[in-house]
Amino acid sequence: MDFLLSKKLLLIVTGGVAAYKSPEIVRKLRSAGADVRVAMTSAAQEFVTELTFQAVSGQDVFTSLFVGETDSGMGHIELARWADAIIVAPASADFISQIATGQAKDLASTICLASTSPILLAPAMNQQMWKNLATQANIKKLKQRGFLFNGPSSGEQACGEVGLGRLAEPETFVAVVSDMFKTNHLSGSKILITAGPTQEPIDPVRYIGNRSSGLMGYCLASVAAEMSAIVTLVSGPTALPAPKGASLIAVNTARQMFKATLRELDSKQDIFIGAAAVADYTPVKTAMNKIKKIEETITLEMKKNPDILAAVSQHPNRPFTVGFAAETENLERNAMNKMKKKELNMIAANLVGLSDQGFGSSKNELFVFYKRSKSHIPRAEKLQVARSLLNLIAKNYKASKK
Ligand code: C5P
């Protein structure tokens, strides 16, 4: 399958003698149908000229953080948004260290920081530099953050030493980059996701909300789109940008989310993932005017909101249905009960109330339960967790079709 056809790939070349192999990587990726642009660090330009990459990519090469200096007028943010995937080859020890610490000191590091697309690093350096604990700590950190790696491979090095640190061979890149786009059985599947909090109005200026940032659902939507699914995201109010490749339906209240979600089921969905933190109750009445500070105590009468997840699983057009369970105790028992009660195919449970995990955090850890089995997705950045969860969903969805 032509996984790279029309894919927009940005190759970042950093400073290292292995940069002489990078033009060949551009040629191979282009032959596989990809649209390849190249950005170079100033150190890379000491090894290979901009002109070489211009010739092999057929495009202007990006070398500066300042738009005025790039012929095509694409700034670092546009470039970061443009790329479906970023490949750094060679990735020098210094560049790896820069991105591990989130630096934005030149065009290349800034693009990596600004991008939400998958990033593949192909390290190349002296074997001792590779072995160094500082480099290994950076690699570990980047893997946890969801960065992907090709190589390094082992063998004779330009410096005369032998060991791990050689740039992966240019021929390997088409297969490795294709893997980044492999559709994991989601190609063309329709996926409906709910995300974020809901806001239940008390009066024209006040509402009952919750601490959900929406990040988990947004990461799921962008990874699903990356896996070539047709993604609709029904989201409560969040501060997040719309995920690339997904259609966003913005709502405020649980009832609006319920209506929007059920409406989407009319046009048959294959998979539903309920990642939203839906308010369980809503005020019986919303005051027409701002409630005045007169009474010593006031009482707010609340009524139950519809359960979107349960309604989806009971719908005649029921898709493969995945729920979330945020638990503070008895995680497995509570999650399993919820899965049975709401008749779900899968449930992803996380412990809430822990610092730096779950609600409002960029990290998460999930325990996933399905019919006769369970999996653990270790604590990592939510984008990485979303990748692991969608792989599990894709596998189980496919098995459910057999
Ligand atoms: O029952 P509980 O609220 O703990 O279940 C959590 C799961 O149910 C989440 O997947 C959440 O998105 C979904 N849910 C829903 N509608 C509600 C309440 C929860 O879809 N009203």
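Predicted model: local features only at pLDDT ≥ 70, side-chain atom pairs only at ≥ 80, totals over all residues.
I begin with the overall division. The domain assignment of the protein gives two parts: domain 1, covering residues 2-180, and domain 2, covering residues 190-401. Their C-alpha centres are 36 Å apart.

How many residues of domain 1 are in contact with domain 2? There are 10 on the side of domain 1, and they meet 7 residues of domain 2. Between them, the two domains bury about 660 Å², and carbon and sulfur atoms account for 43% of that area. Sorted by class, the side of domain 1 that touches domain 2 consists of 3 nonpolar, 4 polar and 3 charged residues.

Which specific interactions cross this interface? For salt bridges between domain 1 and domain 2, the rule finds 0. Polar contacts are present: 2 residue pairs are counted between the domains, with both residues of each pair at pLDDT 80 or more.

I now move to a local feature, the pairing of two strands. Strand β7 comprises residues 153-156 and strand β8 comprises residues 162-166. The two strands run antiparallel and are joined by 4 bridges. Within this pairing, Ser153 stands opposite Arg166 of β8.

What do β7 and β8 form together? They make a hairpin, with 5 residues lying between the strands. In the turn of that hairpin, Gly160 has a positive phi of about 95°.

Definitions and conventions
Residues numbered from 1 in each chain as written. Heavy atoms only, no water. Domains from an automatic or database assignment. Contact = heavy atoms within 4.5 Å. Buried area = accessible area lost by both parts, 1.4 Å probe. Salt bridge = Lys/Arg side-chain N within 4 Å of Asp/Glu carboxyl O. Polar contact = N/O pair within 3.5 Å; in protein donor to acceptor, adjacent residues only side chain to side chain. Nonpolar A, V, L, I, M, F, W, Y, C, P; charged D, E, K, R; others polar. Pairing = 2+ DSSP bridges.
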